[in-house]
Amino acid sequence: MPNRRLVSRRRALWLGLASLTSIGAIATARAGYQSYYQSLDNPKRDFKVTGYAPLKKRAEAKGIIFGSAIRQDLLVSDSRLATSFAQQCGILVPEWELKWNILRPAPDKFDFSKADWLAQFARTHGMLFRGHTLVWYQVLPKWFNEIVNRQNAEKFLVEHIATVTKHYAGQMHSWDVVNEAIEPEQRRSDGLRNSPWLEFLGPDYIELAFRVAAQADPKALLVYNDYGLEYDTPTDEARRTAVLKLLERLKSRGTPLHALGIQSHLTGHETRFNPKKLQNFLADVASLGLKILITELDVVDQKLPVDAAVRDRIVARVYEDFLSVVLDEPAVIAVLTWGLSDRHTWLSNHAPRSDSASVRPLPFDSNLKSKLAWNAMARAFDNARKR
Ligand code: XIL
């Protein structure tokens with residue numbers, strides 16, 4: 001029988017060694033974490049801005065349109081938000097109200113009441129109005145799956161686009177005609193995403209959608225809108241290639257397509273940002289004779305340090321670095337954020353923080369006080385070349 005004392009002494013030694021190693025591992029991990037975040041954050045970078053002019057004025061001075069997405073219920077219930085929105089924004093896009101699930105309560109019924117309210121708000125405050133979105137695989141109404149099939153899909157698509165675009169004909173700055181039709185990960189050779197539209201109508205549903213929209217509203221700028229195009233990652237690279245291929249194909253067939261919308265839901269902790277690659281992509285798009293809109297800009301702060309000052313600095317840096325690159329391309333004519341204030345952002349649900357601190361992805365905080373992200377945008381517009 002081994003000496004008990006000896007065994008327990010040995011065990012203590014092992015435990016001690018083991019915990020030393022794990023403390024070491026934690027320390028190394030922590031150091032790695034710190035140096036990683038230090039590389040994202042530069043406390044010395046100041047985001048000084050001259051004057052107090054709102055973003056829409058600064059953008060306008062360069063021939064750029066600035067605005068944001070907003071929900072009708074928020075403008076109705078929050079007059080301070082409505083005031084800031086009207087001050088800052090030169091263009092308004094409904095975040096919900098022009099999507100199928102809101103517009104189409106039943107197969108034979110259109111409800112324009114909320115979107116009309118927003119169109120009126122935009123008009124009253126001298127803002128442009130923008131439509132999002134006519135064809136998307138998401139937020140389809142409940143009845144859609146039961147009723148729409150291969151036989152009637154074309155009728156539903158054409159009727160929907162014609163009715164909605166006619167309703168706002170002459171009033172829309174631009175329409176996101178088709179949203180998020182690309183998904184290279186699904187491995188089709190054309191890079192198209194599986195969706196009810198693709199399943200029922202084949203790849204030509206995209207061209208059809210643009211033709212119907214152009215016929216009903218010849219004045220609106222017709223946009224193809226997508227995400228995941230911004231970073232130097234294999235996924236984004238594949239998406240850029242597939243989107244370019246789609247745009248080229250549409251243009252070569254004479255489709256009435258006028259612009260690419262780059263959603264630009266950026267990632268605060270992503271370091272793989274390559275200005276040259278992004279600029280080349282923008283130039284390729286522009287060379288097809290297309291304009292470019294930044295349509296849904298925000299910065300995910302899910303994995304950034306909880307300290308709000310550090311987080312705001314990193315988020316602001318991402319805004320300024322991104323915008324200074326994209327605004328260098330003269331084909332970029334508009335920048336819209338996906339919401340104005342951190343109080344109401346889809347990222348609270350879509351990309352919440354694990355420490356449950358509230359997210360801070362937008363130019364105004366939840367009390368409508370402007371943040372460094374606002375300064376970053378103001379600077380990017382001030383430094384942009386004139387269109
Ligand atoms: C989001 C809205 O912000 C959410 O409130 C809604 O529940 C789902 O849609 N890309 C788009 C937008 O094109 O329509 C999405 O908006 C965000 C991602």
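The legends below describe views of a predicted model of one protein chain.

Local features need pLDDT of at least 70 and side-chain atom pairs count only at pLDDT 80 or more, whereas totals for chains, interfaces and linings use all residues. Residues are numbered from 1 along each chain as its sequence is written, and side-chain values use heavy atoms, with hydrogens and water left out.

**View 1. Secondary structure and extent of the protein chain.** The chain holds 15 helices and 9 strands (DSSP runs numbered from the N terminus: helices are H or I, at least four residues; strands are E, at least two). Its C-alpha atoms fill a box of roughly 90 × 55 × 45 Å along the principal axes.

View 2. Of the 387 residues, 53% are buried (under 20% relative accessible area, 1.4 Å probe, protein chains only). Contacts are heavy atoms within 4.5 Å; among those between residues at least 6 apart in sequence, 79% join residues at least 24 apart.

**View 3. Helix 10, residues 205-216.** The 12 residues should span 16 Å at 1.5 Å a residue, and the end C-alpha atoms are 17 Å apart, which agrees; the expected span is 1.5 Å times one less than the number of residues.

**View 4. Surroundings of helix 10.** Because 9 of its 12 residues are buried, helix 10 is largely enclosed by the rest of the structure. The buried residues include Tyr 205, Ile 206, Glu 207 and Phe 210. The buried residues of helix 10 pack against strand 3 (128-135), strand 4 (174-179) and strand 5 (221-226), and also against helix 8 (153-167), helix 9 (196-201) and helix 11 (234-252).

Key. Buried means under 20% relative accessible area, exposed over 50%, partly exposed in between (1.4 Å probe, protein chains only).
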